[in-house]
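Reader: I've got a model open and I'd like to learn how to read it. Could you walk me through it, feature by feature?

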Amino acid sequence: MTDHQTTTRRFSSGPWRRLRSLRVRLIAVFAAVALLTAVSASGIAYWLNRDAVLKRAQDTALKDFRVSLSRNVSNLPLKATCHDLIDLAGYVASSGLTYDVVVVDPALPDCIASSDPARYSLANVPTPLQTAVAKPREITESNPYTYHLYWQRQNLDGRPFVIGGTKVVSTGPTAYMFKSLENERADLNTLGWSLAIATLLALIGSALLAQAASATVLRPVKRLGDAARRLGEGHLDTRLEVEGSDELADLARTFNRTAESLHEQVEELSAREAQSRRFVADMSHELRTPLTAMTAVTDILEDEAESLDPMIEPAVRLVVSETRRLSDLVENLMEVTRFDAGTAKLVADEVDIADLIMSCIDGRAWYDAVELDAPRGVRAVVDPRRLDVVFANLIGNALKHGGSPVRVRVRETPDSVVVEVSDSGPGIPEDVLPHVFDRFYKADKGRARSEGSGLGLSIAMANAQIHGGTITAANGEVGAVFTLTLPVSPPPPPPADAPEESAP
């Protein structure tokens, strides 16, 4: 398994799988929409209220500053002293609203009159504001005043202020107002916290709403998933109860129609398959009787072949060979039919694998062409007859298609026995490897008539699988390598109602 596959498998289980569930995604979407909506609404409300609060506070303070300054500046002497300017700053700042005033006069450059000298002076006034206040404007029909009141928001020592300034006459003093916006900032902070709490409550409410909605929507989806899982497990009678007339109800009806159609098709295919198996089994049984007679006759003909006319002898030997081939084919077909019908029975016994392989080699006179590396004492619980078929097929194919010497190696792992059969031939083409265990498959399509039936390796694989093992095919450094893997422990016993295997 590659690293990518491992990562994919890791992410498809555990917390990552829960994060990808439809319920979590639905709650996340509801929460995201609610959060976006609440944050947008709260942000808009906050900025609108902020502008309104600040504009109201600064407009009120600037209007009061203008009125108070206009009222008190008329009491100022023509040649005002620094003391007069200080009194003017105090009078203007005591108008009733909480702000401080700084008054400066070009005629008294060393005098800076302030209602709170310790905290406010001309140095606290932004330079752009001083420049704008000191700049006269041309008098026109739309502008009857030379000087105007200007203002600017500024932070002083971390505290918000609105600073306003104006020059009454060209030769008169210039006054600046410092209005603290600390109270307004506190009100806006309270508003911000209130909107944040409202946003959090909206988020929690949306999550609860999404949970309730997901329970309503996902319950039928879960039932549909369970039904589809049961249908995939082979329970073709699975159906859903249809309630309502919405899209989920239409989906349930579609599932029921699909399941019904699938049930009918599977029953039809099962009936056809059963008929095919019965046909092959019946045909094989019917062929055995004439084949038995034909085999007996061919044995006699083979014994008398040397005394026959030389013109007839080749035909006789051909009949003998093809009769035996037909007999083997019928036996293989009957064996395949038993596997397909599930009637193949395992008669297991504990045997020494080395003895079993040696018996297979000696019984077929292969001892001169096979190199055996099988230590004694490697024991397993197997069916000796079926395992002999496996060994005969693997070793026989290696001798026939690969060439000698054929090497058979047995090794033991903690829970299995591994038998490797390798030959000295050219190997198996890569495009043939995936099909070597297919029924009736032949690597050379041009050899329509060959000694083999194309069933040997498929029967060997079936016999290995009934033991709980498997066979793999690959190419080694020289020739092909077939590897049989069998468990050491016996396979589980068949069910009590399993049909018995018919006698071969």
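Reader: Let's begin with helix α11 (residues 456–466): how many of its eleven residues are buried?

Author: Buried means under 20% relative accessible area, exposed over 50%, and partly exposed in between, using a 1.4 Å probe and protein chains only. Helices (H or I, at least four residues) and strands (E, at least two) are DSSP runs, numbered from the N terminus. In α11, nine of the eleven residues are buried, so the helix is largely enclosed by the rest of the structure. Among them are Gly456, Leu457, Ile459, Met461 and Asn463. Just after α11, Gly468 has a positive phi of about 90 degrees.

Reader: Before we go on, what sort of model is this, and how are the residues numbered?

Author: This is a predicted model: local features need pLDDT of at least 70 and side-chain atom pairs count only at pLDDT 80 or more, while totals for chains, interfaces and linings use all residues. Residues are numbered from 1 along each chain as its sequence is written, and side-chain values use heavy atoms, with hydrogens and water left out.

Reader: Which residues have the most contacts inside the largest nonpolar core?

Author: First the idea: a nonpolar core is a set of buried Ala, Val, Leu, Ile, Met, Phe, Trp, Tyr and Cys residues joined through side-chain atoms within 4.5 Å. Here the largest one has 40 residues, and Ile353, Leu387, Phe391, Val419, Ile471 and Leu484 have the most contacts inside it. Elements supplying at least two residues each include α9 (353–363), α10 (384–402), β10 (416–422), β12 (480–487) and our helix α11. The largest share, seven residues, comes from α10.

Reader: What is Leu484 in contact with, leaving aside its neighbours within four places in sequence?

Author: Contact means heavy atoms within 4.5 Å. The partners of Leu484 include Leu387, Phe391 and Leu394, along with Val419, Ala464 and Ile471. There's also a second, separate core of 26 residues, which includes Leu88, Tyr99, Leu181 and Leu188.

Reader: On to strands. Which way do β3 and β4 run, parallel or antiparallel?

Author: Two strands pair if DSSP finds at least two bridges between them. Strand β3 (residues 150–156) and β4 run antiparallel, joined by seven bridges. Gln152 stands opposite Ile163 in β4. The two strands form a hairpin with two residues between them, and Asp157 in the turn has a positive phi of about 55 degrees. On to the next pairing: β4 and strand β5 (residues 174–180) are also antiparallel, over seven bridges. Gly164 has Met177 in β5 as its bridge partner, and the hairpin from β4 to β5 goes through six residues.

Reader: Why is β4 described as largely enclosed?

Author: Eight of the nine residues of β4 (residues 159–167) are buried, so the strand is largely enclosed by the rest of the structure. As a general idea, side chains in a regular strand alternate between the two faces of the sheet.

Reader: And the cysteines: how many disulfides does the structure hold?

Author: A disulfide is a pair of cysteine sulfur atoms within 2.5 Å. The structure holds one: Cys82 and Cys111, with their sulfur atoms 1.9 Å apart. Cys82 lies in helix α4 (residues 82–93) and Cys111 in strand β2 (residues 108–114), so the pair ties together parts that are 29 residues apart in sequence. The link is right-handed, with 80 degrees about the S-S bond.

Reader: Are Cys82 and Cys111 buried or partly exposed?

Author: Cys82 is partly exposed at 30% relative accessibility, whereas Cys111 is buried at 6%.
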